[in-house]
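Colleague: I'd like to learn how to read a few local features in a model. Could you take me through some?

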Amino acid sequence: MRRIRTSTKLKRMFVMGIILGAAAGILFTILIAYQVLSSDRAEFASANAELTKENESLKEQAMKTQAVENSAELLASDSDDWALALVNEDHPLDTSYAPAEMTEIDTERSVDSRIAEDLQNMMSDGAEQGLSMYVASAYRSYEQQRSVFSSTMQDWIYQGYSPLDAYDETKLSVAVPGTSEHATGLAVDIISSEYEALDDRQGDTEEQKWLMEHCWEYGFILRYPEDKGDVTGIIYEPWHYRYVGKDAAKEITEQGITLEEYLQQ
Ligand SMILES: [Zn+2]
């Protein structure tokens, strides 16, 4: 009897052992699989993050290339980056370009409707600070730019300059027709009512000091800063503000760079 009992016990223990062993095996397998899976998953996630990052930077690069190469196309598009279109002497704007929708901000002064609200907010916040300033120039068509350019050039000729020298001198302060940002509808010349001359001292007015400090909050940058003439091709213009969108304006201002430099990054 005893022997039988012992053997039954042994058999039970044996069976239990097999069951427990199998269970432990299964558990072990599950644990290993889980670990492999989660490390796989982590690897996948990091690879995915890297790809996403790479994709983002490629997209940003493509956007910047487009901003430089196809200004008119970009300006007219629904893309998020329409405000980054680069227009300068090396990157003329299609002379037939005109903003699709314009908003009149003052008599005979209009801007691309997409920037009107931010511009109005900037002007009214400035006024609330007790500042007195106004938009002296906004959208200018190719034809208008041509007439500004030739009348400025004429002034230099009257002062005794040869036509060639007059052209060079004019170019320093007036964009050659086809290369003016005013044709985008995204640029405005804002001047202080206290001091209306368009020279360096405009930058010392309370109005410009406030604008230079705060314009990025509204998506604008001071487009032709002091000491950046070699990059922009335009002398210091402490009155010319360009809309580039809030993100870019913040970055450009924080880094103390120009739109050209921002697009080259
Ligand atoms: Zn201007």
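**Helix, lysine and zinc**

Modeller: Start with helix α6 (residues 206-214), whose buried residues are E207, Q208, W210, L211 and H214. Buried means under 20% relative accessible area, exposed over 50% and partly exposed in between, with a 1.4 Å probe and protein chains only. Down the axis of α6, these residues fall within an arc of 160 degrees, so they line one face of the helix; the arc is taken from the directions from the helix axis to the C-beta atoms.

Modeller: This is a predicted model: local features need pLDDT of at least 70, side-chain atom pairs count only at pLDDT 80 or more, and totals for chains, interfaces and linings use all residues. Residues are numbered from 1 along each chain as its sequence is written, and side-chain values use heavy atoms, leaving out hydrogens and water.

Colleague: What do the buried residues of α6 pack against?

Modeller: Contact means heavy atoms within 4.5 Å. The buried residues of α6 pack against α3 (113-128), β3 (133-137), β4 (187-192) and β6 (240-243). Helices (H or I, at least four residues) and strands (E, at least two) are DSSP runs, numbered from the N terminus.

Colleague: Is K228 buried or exposed?

Modeller: K228 is buried, at 18% relative accessible area. You'll find K228 in the loop between β5 (220-222) and α7 (229-232).

Colleague: Which protein donors does the zinc ion have?

Modeller: Donors are N, O and S atoms within 2.8 Å of the metal (3.2 Å for Na, K and Ca); water is not among the atoms, so sites may look incomplete. Here they're H182 (NE2), D189 (OD) and H240 (ND1), 2.0 to 2.1 Å from the zinc ion. Their spacing along the chain is H-x6-D-x50-H.
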